[in-house]
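Hi,

Here is the structure I promised to pass on to you.

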Amino acid sequence: MKIQILPLVTGAQKATGLTVIIDVFRAFSLEAYMYTSGAKKVIPVKTVEDALALKKENPSYILVGERKGIKVEGFDYGNSPSEFVGVDLSGKTLIHTTSAGVLGLASAVSASQIVTGALVNAKATAKYILEQNPEVVSIVPMGWEGKIETEEDALCADYLKALLENRTLDDLQERVDLLKQQEGAKFFDPNKPQFPEDDFWLCTKVDIISGVNVISKDGKQIQSEWVKYE
């Protein structure tokens with residue numbers, strides 16, 4: 001199994017084989033939490049316009065998303081896991097658009113299969129990949145808006161690679177703790193209420209969710225399916 005790490009949108013565009021699109025802060029951590037809260041389906045869409053059009057066709061769907069970290073005007077929720085704590089999503093379909101993660105899904109045009117990546121379900125994701133036994137695994141840490149590399153996504157990529165290679169990432173917890181002074185500092189900044197502190201703690205919990213977010217494409221629409229995986 002060849003494992004390659006290809007950062008940002010440019011990496012997603014180059015990715016081949018089974019591809020993991022990583023967005024720890026916060027898109028794919030959030031999607032994992034939404035599924036564990038009972039969501040029937042999460043539909044990732046690339047643009048706000050596409051999200052609104054899909055909502056118009058399906059009024060019962062829930063709009064979730066952000067631009068530059070801020071909830072899109074008129075949406076039901078932002079891209080914040082803490083907004084969903086205690087919310088029962090049983091049977092609900094959610095439309096999800098973000099600045100980085102969903103862009104990565106749309107950009108991975110040469111991937112044979114796509115899954116999402118986050119710290120909360122990294123071990124389950126690795127087990128799923130190993131069972132698929134692909135010749136090539138492309139790991140894509142999306143960073144900020146798919147343009148700037150960030151520590152949390154790089155850490156998740158390194159951890160996932162270590163899991164796939166059956167080795168321990170010795171500095172995992174140390175690097176998680178450092179995130180508070182790095183990209184995660186925004187969650188502790190009172191001048192950035194769009195990044196609540198609780199989101200930091202929810203997104204940096206490691207291996208607490210047993211499931212994998214498997215992505216497929218039906219024409220132009222991206223489809224997401226949650227596969228429980230112990």
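Strands here are DSSP runs of E with at least two residues, helices are runs of H or I with at least four residues, and both are numbered from the N terminus. Two strands count as paired if DSSP finds at least two bridges between them. In general, strands of a sheet pair through backbone hydrogen bonds, either parallel or antiparallel.

Before going on, please note that this is a predicted model: local features need pLDDT of at least 70, side-chain atom pairs count only at pLDDT 80 or more, and totals for chains, interfaces and linings use all residues. Residues are numbered from 1 along each chain as its sequence is written, and side-chain values use heavy atoms, with hydrogens and water left out.

**The sheet and its helices**

The open sheet has 6 strands in the order β1-β8-β2-β7-β9-β10, with mixed pairing. Its edge strands, β1 (2-5) and β10, each pair on one side only. From one strand to the next, the twist averages 25°. Helix α5 (residues 122-132) lies across β2, β7, β8 (136-141) and β9 (211-218), at about 60° to β9. Helix α6 (residues 151-164) also packs on the sheet, where it touches β1, β2, β7 and β8; its direction makes about 160° with that of β8. Contact means heavy atoms within 4.5 Å, and angles run from 0 to 180 degrees between N-to-C directions of axes, which are lines fitted to C-alpha atoms, for helices over the stretch in contact.

**The pocket and the cavity**

On a 1 Å grid over the protein atoms alone, a cavity is a set of points where a 1.4 Å probe fits but cannot get out, while a pocket is an open set with protein on both sides within 12 Å along at least five of seven lines; lining residues have an atom within 4 Å of a point. Points are joined across faces, edges and corners, and a volume is the space filled by probe spheres set on them.

The largest pocket has a volume of about 320 Å³. Among its 13 lining residues, K46, D50, K220, Q221 and I222 lie nearest the centre. Which helix gives the most to this lining? It is α3, with 4 residues.

There is 1 cavity of 30 Å³ or more. The largest cavity has a volume of about 150 Å³, and D23, F25, R26, E66 and W144 lie nearest its centre.

Enjoy exploring!
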